[in-house]
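Subject: Structure handover

Hello,

Please find the structure below. My notes on it follow.

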Amino acid sequence: MSTMMPYTMAPGPVSPVAPLLKVENLKVWFPVRSGLFSRIRGYIRAVDDVSLHVLPGETLGLVGESGCGKTTTGRAILRLLPPKSARIEGQVEFDGADLYQTAARPLRTLRRQMQIIFQDPVGSLNPRMTVGAMISEPMLVHRLVPRPQVVERVEDLLVKVGFPRDVANRYPHEFSGGQRQRIGIARALALKPRLIVCDEPVSALDVSIQAQVLNLLTQLQQEMGLSYLFIAHNLAVVEHFSDRIAVMYLGKIVETAPARVLTANPRHPYTQALLSAVPKPVPRKTDQRIILTGEVPSPVNPPTGCPFHPRCPLVKERCRKEMPRLEMKGGDPGHVAACWETS
């Protein structure tokens, strides 16, 4: 993991290292249509005012329950959502360039530097294409490698992710789930990116295979200077792999901190509940599981005030009326949380 000091837009010292990725006030609202003329009756607020950043060579873990908007955030950052499918607002900057204001030709160049590893290693690969064809396709489309050198480059990438050179002519169905995910990683590396969005890349794999893939990603980061936005719902995996962690609930970031700081001293009640559910190798009698009551509110009609207040054990009247801001908590300048009842 990276050891550089965290850059923060919260109160406190600011690192001189500029972020590679900077997201400010990102909103992604999907329209809900009904009636004879399919008129818009409301919006699903999948991502609602999210701000985050990723430093060069850093791993930012984005964690939360299923349906909280993590994957939508990653896809919106890379502009992978279909045009006009959603109402998108906010600013996404990559290396100083605003991705939503960049014209098609320069955006094509920027796309080489941003890639994604998908959650499903089966559905993300074309069953009718060989492994070599899938990895070489982006190189040919972007004309990054001369055609005579493409085969050699593909074989080098396969070796880098742990395969022998002779698997390039095989098809995805001939591989296991973990091997397919390695193929997806090789494809993401084909254009020599600087940022990779890892969309739950190990959630569909066995525990032993998860460790192998995480170790591979760590090794590649050290060798190639990659930055990761690592999306997952398993806080134990995120803690092990990330430099910083951002906790997401109902489309909003509720807490952000360096990984070790957040796991040792969580300030938001939702983060505390997530951490209490992580299995411990040596349980103690003082460890208590925090059981959240009620259901996650609908993103079509989110609650007023703090989005977590219907399930929060610390809820007060102010929580029901006013939305808390991300503020420094616990005395660490890189630790911010959105809660009225914690300090």
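What covers the buried residues of H6? Keep in mind that this is a predicted model. The cover includes strands E3, E6 and E8, together with helix H4 (150-160), helix H5 (177-189) and helix H7 (235-241).

The helix itself

The buried residues of H6 are Gln210, Val213, Leu214, Leu216, Leu217, Leu220 and Gln221. Their arc around the axis is only 155 degrees, so they lie on the same side of H6. An α-helix has 3.6 residues a turn, so residues three or four places apart point the same way. The length of H6 also agrees with expectation: its 18 residues should span 26 Å at 1.5 Å a residue, and the end C-alpha atoms are 26 Å apart. Just after H6 comes Gly225, with a positive phi of about 65 degrees.

The sheet

There are 8 strands in an open sheet with mixed pairing, ordered E6-E7-E8-E3-E9-E10-E12-E11. Strand E6 (114-117) and strand E11 (327-328) are at the edges; each has a single partner strand, so one side of each is without a neighbour in the sheet. E6 runs parallel to strand E7 (residues 195-199), and 4 bridges join the two. One of the residues involved is Ile117, whose bridge partner in E7 is Cys198.

Helices on the sheet

H6 (residues 207-224) packs on the sheet and touches strand E3 (59-63), E6 and strand E8 (227-232). The direction of H6 makes about 160 degrees with that of E8. Helix H9 (residues 269-276) also packs on the sheet, touching strand E9 (244-249) and strand E10 (252-258). For H9 the angle with the direction of E9 is about 105 degrees.

Regards

Notes
Residues are numbered from 1 along each chain as its sequence is written. This is a predicted model: local features need pLDDT of at least 70, side-chain atom pairs count only at pLDDT 80 or more; totals for chains, interfaces and linings use all residues. Side-chain values use heavy atoms; hydrogens and water are left out. Two strands pair if DSSP finds at least two bridges between them. Contact means heavy atoms within 4.5 Å. Axes are lines fitted to C-alpha atoms, for helices over the stretch in contact, and angles run from 0 to 180 degrees between N-to-C directions. The expected span of a helix is 1.5 Å times one less than its number of residues. Buried means under 20% relative accessible area, exposed over 50%, partly exposed in between (1.4 Å probe, protein chains only). The arc is that of the directions from the helix axis to the C-beta atoms.
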